[in-house]
Amino acid sequence: MVLTEPSTLFSAMLIALAYLIGSIPFAVVVSKVMGLQDPRSYGSGNPGATNVLRSGSKPAAALTLLGDAAKGWFALWLALTLAPGIPPLAYALVALAVFLGHLYPVFLKFKGGKGVATALGVLLAVSPWLALATALTWLAVAVISRYSSLAALVAAFMAPVYYLFGAGSLWRMNMPLAAALVGISALLYYRHSANIARLLKGNESRIGAKKK
């Protein structure tokens with residue numbers, strides 16, 4: 001069923017579905033399938049790609065990263081596919097819902113990851129150029145500092161800036177979506193509060209550090 005003018009109820013269903021998609025814990029699923037420890041049992045305890053990398057398995061970390069990013073992209077793609085005429089506010093809430101699903105997944109008793117890859121997937125659905133600019137920002141900071149958390153914080157700050165900067169030339173402005181991107185960035189900072197404290201103290205783990 002494809003709706004050009006979705007009802008409020010149908011939009012609410014898409015938002016709820018986006019949350020469930022975001023709740024899929026790829027870090028746990030991939031680790032279990034590949035016979036690795038549950039990522040919540042070592043390192044930072046975070047069910048995300050960076051912590052899975054501490055297991056020593058780069059393929060598992062890569063699959064986790066792809067899965068977490070894909071669900072962010074898929075939720076928005078699905079909303080536009082099922083309801084091409086979805087209102088800007090509903091579209092923005094779908095973006096926020098899939099991100100919240102990763103942060104507070106119903107399948108993991110609401111204890112999820114920090115959302116960097118899922119946020120990137122959301123940006124990819126909005127615009128490949130927006131995702132590319134944000135990903136390159138993350139990569140540049142990560143390569144220079146070797147701090148995944150610092151790279152995520154800088155990229156999170158820049159993503160809404162890039163969106164506003166490109167509005168009118170690279171994509172049409174969607175004010176509810178712009179607000180959602182700011183909200184996602186704020187949540188990323190909140191979820192990285194412990195990392196920020198460790199960065200300030202100089203004892204934050206670097207990319208590639210083995211699990212303890």
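In this predicted model, a residue is called buried when its relative accessible area is under 20%. Begin by selecting Ser11, which is found in helix α1; because its relative accessibility is 6%, Ser11 counts as buried. If you then show its surroundings, leaving out residues up to four places away in sequence, you will find that Ser11 touches Pro6, Pro87 and Ala90.

Next, turn to the largest nonpolar core, which has 35 residues, and select Ile86, Val94, Tyr163 and Leu177, the residues with the most contacts inside it. The elements that give two or more residues to this core are α1 (8-22), α4 (58-82), α5 (88-103), α6 (116-126), α7 (128-145), α8 (148-166) and α9 (175-191), and of these α5 gives the most, with 9 residues.

Stay with Leu177 for a moment: apart from neighbours within four places in sequence, Leu177 is in contact with Tyr91, Ala92, Ala95, Val126 and Tyr163.

Finally, colour the residues 12-30, 74-104, 116-140 and 147-165, which an unreviewed UniProt entry annotates as "transmembrane region". In the span 12-30, the end C-alpha atoms lie 30 Å apart, and the span is 84% helix and 0% strand. For residues 74-104, the end C-alpha atoms lie 18 Å apart, with 81% helix and 0% strand in the span.

Key. Residues numbered from 1 in each chain as written. Predicted model: local features only at pLDDT ≥ 70, side-chain atom pairs only at ≥ 80, totals over all residues. Heavy atoms only, no water. Core = buried A, V, L, I, M, F, W, Y, C linked by side-chain atoms within 4.5 Å. Buried < 20%, exposed > 50% of the residue type's maximum accessible area, 1.4 Å probe, protein only. Helix = DSSP H or I, 4+ residues; strand = E, 2+ residues; numbered from the N terminus. Contact = heavy atoms within 4.5 Å. UniProt positions renumbered as here; feature names shortened; annotations may be inferred.
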